[in-house]
Structure formats: C-alpha cells, structure tokens
Amino acid sequence: MQVIRQTSFTGISGLEIANLPQQQPTATEIKIQTAYTPVLPWDWRSATGNLTSLNPARPPYVPSYGLTGIVTDAGRLRQQSLIGQRVLTVNFHGSAREQNLLRPSPLLLPIPKRVSLAAATTLIGGADAAIKLISAAHIRPGMTVIITGAAGGVGTYLVQLSHQLGANVIALTRPSNRTWLQELGATATIDYTTALTPQLTTIPNDTRLLDTVGNPDLLNRLAANRPQLQVYSLALPQWQPLLTTQSFHFISGPIWPRTYRQLLDQLATGELKAAIAETVNFHDVRQAYHTAQLPGRRGRTLLAYSSSN
C-alpha cells in the first residue's frame with residue numbers, strides 16, 4: 001500500500017510517496033479503498049511547520065484527514081453490510097493513503113447515489129468550515145457579508161450558504177470569477193487586485209467580514225473607515241482590529257454529523273454545487289500542493305487514489 005508522507009517541515013519538498021505493508025482490519029475496524037482526499041490550506045501550512053501549535057503531528061507523518069472511498073472489508077464486530085458502501089469520513093491519523101483502516105466513528109456517512117465521491121470530498125474542510133463561520137457570525141436575512149477567497153474551496157460554499165440565508169453576499173475575487181460567483185449567489189463582487197476603498201463606498205458599515213484567506217494586510221484595507229466591522233476568520237488565529245469598535249473572532253472546530261448529512265442531501269438535490277478546481281493523481285502530490293495555492297483558483301484541488309473514480 002502506498003501513502004503520502006511529510007518527511008520534514010520543508011513544505012512541498014518534504015513530501016514523498018512511501019510503501020507500507022498491507023493491513024487487515026481488526027475486529028472493530030473497517031477498510032476503505034480511498035477515492036479522494038482534499039488538498040487543504042491546513043495541509044500545506046502544516047507542511048511548513050506554521051501550525052505546530054494547532055497540529056500535533058510531527059514528521060514523518062501522513063497528511064490530510066478527510067476522505068471518501070468504498071468500504072472493502074469489515075472486522076467481525078462491525079456491520080458486514082458496510083462492505084461496498086460509498087462513504088465520507090475522516091482519519092485524524094492521516095488519510096492520504098490508498099487504504100484507510102478506521103475504528104467506529106460518528107462521522108462515517110453514506111454518500112447518496114446522486115452525489116459523486118469527488119463532490120462529497122469537498123465538504124471536508126470546505127462546506128463544514130463555511131457552516132462554522134456562518135453560525136459564529138449569526139448571518140441572517142438582509143445582512144451584508146463580505147467573503148474573502150470567495151472562489152476557493154470554503155468561499156464557494158460560503159457564497160451559496162449565505163445566499164440561502166437571505167444575506168447580501170459581496171465576494172472578493174478576480175474579475176474573471178465575477179459571473180461564475182454571481183451564478184452561485186453573490187450579490188456583487190469586489191476586485192481585490194485593485195483599490196478597495198472606491199469599491200466599498202456603497203457597502204453598509206455593519207457588514208460582517210468572513211475571512212478564508214488570512215492576509216492581515218487585506219483585512220487592514222477592508223477594515224479602514226469601517227468602525228462597526230466584525231471579522232470572523234478561519235485562516236488567521238490573531239489579528240488586531242484598527243478601532244476599538246471593531247471585533248475579531250478566530251473560528252475553528254467540528255460540525256455535527258447530522259449537518260454533514262444535510263449538506264450531502266443538498267448536493268444530491270442540487271441546492272449546493274461542489275466547486276472542484278482539479279483532480280490530481282496522488283503520486284503527483286507536490287504538483288497538487290503547488291497549484292492549489294495559486295491565486296484565482298476555482299474550488300478545491302483533490303488527490304485521486306484510483307483511476308476508476
């Protein structure tokens with residue numbers, strides 16, 4: 001069995017493909033043939049050692065945690081009816097491997113027939129993070145929200161879910177993404193590559209800012225002359241507001257399994273759309289980490305572990 005390993009805190013150069021012996025599930029485990037894992041900012045920031053205060057993993061370790069796949073075997077104390085099921089789940093010991101052995105977990109969710117394995121994979125580190133931000137910011141109908149990184153793996157779900165709640169969505173993005181994001185639910189877009197002040201003049205002062213980028217300079221430019229701004233960030237643990245009337249909140253943590261089920265149902269009905277930038281064979285993980293960080297990407301980069309997916 002092949003796995004991806006992070007061998008040092010040297011970023012992309014520390015990634016390698018390693019061979020490990022095949023393992024059979026114990027009585028309480030299931031074996032999953034991995035289909036996809038997402039390439040997340042958590043992965044490439046951990047690879048440089050920037051998240052050691054949040055991520056206890058130390059090299060050499062297997063990166064990533066979310067995955068989709070097909071259950072191929074089950075221990076004698078697990079339900080044999082699981083075999084053959086397409087599932088969405090997590091492995092906090094590192095999911096970037098051809099096969100994952102997992103003990104019982106509340107987050108082992110069957111994927112509806114109308115949802116592709118690739119689409120379901122985007123929920124981990126994507127829609128779940130968007131739900132956490134929206135809940136923390138108490139988004140409600142008529143509220144105006146600015147979303148940084150609106151075309152990214154989290155941002156695309158923030159746009160759609162905020163729009164569902166009746167918010168006025170202002171998406172920070174490149175001009176090339178404007179029409180696409182408006183189709184997803186953005187009320188308007190702002191080009192972050194040009195001067196922001198003229199573009200912000202018509203936006204209400206009590207706007208919530210939902211940050212997925214973690215760029216302090218960008219937050220400073222957005223916060224200028226907006227004394228009531230409330231910032232909620234997934235990507236920046238600390239930021240100093242410019243004014244005492246402004247507020248900043250770093251948001252992290254899981255969502256409930258039932259919420260994942262609701263998100264899967266919305267993918268099945270078409271209420272939500274998964275944005276996938278590209279799928280890359282896991283052997284080309286260095287390429288995937290590089291391209292996932294390029295500006296202007298639309299959606300999530302996925303690693304594929306089988307040519308039949």
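Me: Which elements do the buried residues of helix 9 pack against?

Reply: The buried residues of helix 9 pack against strand 1 (2-6), strand 2 (15-19), strand 3 (30-39), helix 1, strand 14 (276-281) and strand 15 (300-304). For helix 9 (residues 285-292), those buried residues are Val285, Ala288, Tyr289, Thr291 and Ala292. Packing goes by contact, meaning heavy atoms within 4.5 Å. Helices (H or I, at least four residues) and strands (E, at least two) are DSSP runs, numbered from the N terminus.

Me: What kind of model is this?

Reply: It's a predicted model, where local features need pLDDT of at least 70 and side-chain atom pairs count only at pLDDT 80 or more, while totals for chains, interfaces and linings use all residues. Residues are numbered from 1 along each chain as its sequence is written, and side-chain values use heavy atoms, with hydrogens and water left out.

Me: How do you know whether Ser64 is buried or exposed?

Reply: Check its relative accessibility: buried means under 20%, exposed over 50%, and partly exposed in between (1.4 Å probe, protein chains only). Ser64 comes in at 11%, so it counts as buried. You'll find Ser64 in the loop between helix 1 and strand 4. Its phi is near 70°, which is positive even though Ser64 isn't a glycine.

Me: What about the peptide bond from Pro59 to Pro60?

Reply: That bond is cis, with omega near -5°. Pro60 is in the loop between helix 1 (41-46) and strand 4 (66-74). As a general rule, most peptide bonds are trans.

Me: Why is helix 3 called oblique to helix 4?

Reply: Helix 3 (residues 123-137) and helix 4 (residues 155-164) pack at about 45°, their axes 9 Å apart. That angle makes helix 3 oblique to helix 4. Angles under 35 degrees are roughly parallel, over 145 roughly antiparallel, 65 to 115 roughly perpendicular, and the rest oblique. Angles run from 0 to 180 degrees between N-to-C directions, with axes fitted to C-alpha atoms over the stretch in contact.

Me: Which residues make that contact?

Reply: From helix 3 come Leu123, Gly126, Ala127, Ala130, Ile131, Leu133 and Ile134, and from helix 4 come Tyr157, Leu158, Leu161 and Ser162. Sorted by class, the contact of helix 3 with helix 4 has 9 nonpolar, 2 polar and no charged residues.

Me: How do you know that helix 4 is mostly covered?

Reply: Count its buried residues: 8 of the 10 in helix 4 are buried. They are Gly155, Thr156, Tyr157, Leu158, Val159, Gln160, Leu161 and Ser162. After helix 4 comes Gly166, with a positive phi near 90°.

Me: And what makes helix 3 roughly perpendicular to helix 8?

Reply: Helix 3 and helix 8 (residues 257-269) pack at about 105°, with axes 11 Å apart. That puts helix 3 roughly perpendicular to helix 8. Leu123, Ile124, Ala127, Asp128 and Ile131 of helix 3 meet Thr259, Tyr260, Leu263, Leu264 and Leu267 of helix 8. The contact of helix 3 with helix 8 has 8 nonpolar, 1 polar and 1 charged residues.

Me: How do you know whether Leu218 is buried or exposed?

Reply: Leu218 has 9% relative accessibility, so it counts as buried. Leu218 lies in helix 7. Leaving aside neighbours within four places in sequence, Leu218 is in contact with Thr148, Leu172 and Leu196. From Leu218 to Pro175 it's 43 residues in sequence and 17 Å in space, C-alpha to C-alpha.

Me: Why is Gln230 called partly exposed?

Reply: At 23% relative accessibility, Gln230 counts as partly exposed. Gln230 is in strand 12. Its C-alpha is 4.8 Å from that of Ser247, 17 residues away along the chain. Beyond neighbours within four places in sequence, Gln230 is in contact with Thr207, Arg208, Leu209 and Ser247.

Technical notes
Ala, Val, Leu, Ile, Met, Phe, Trp, Tyr, Cys and Pro count as nonpolar, Asp, Glu, Lys and Arg as charged, and the others, Gly among them, as polar.
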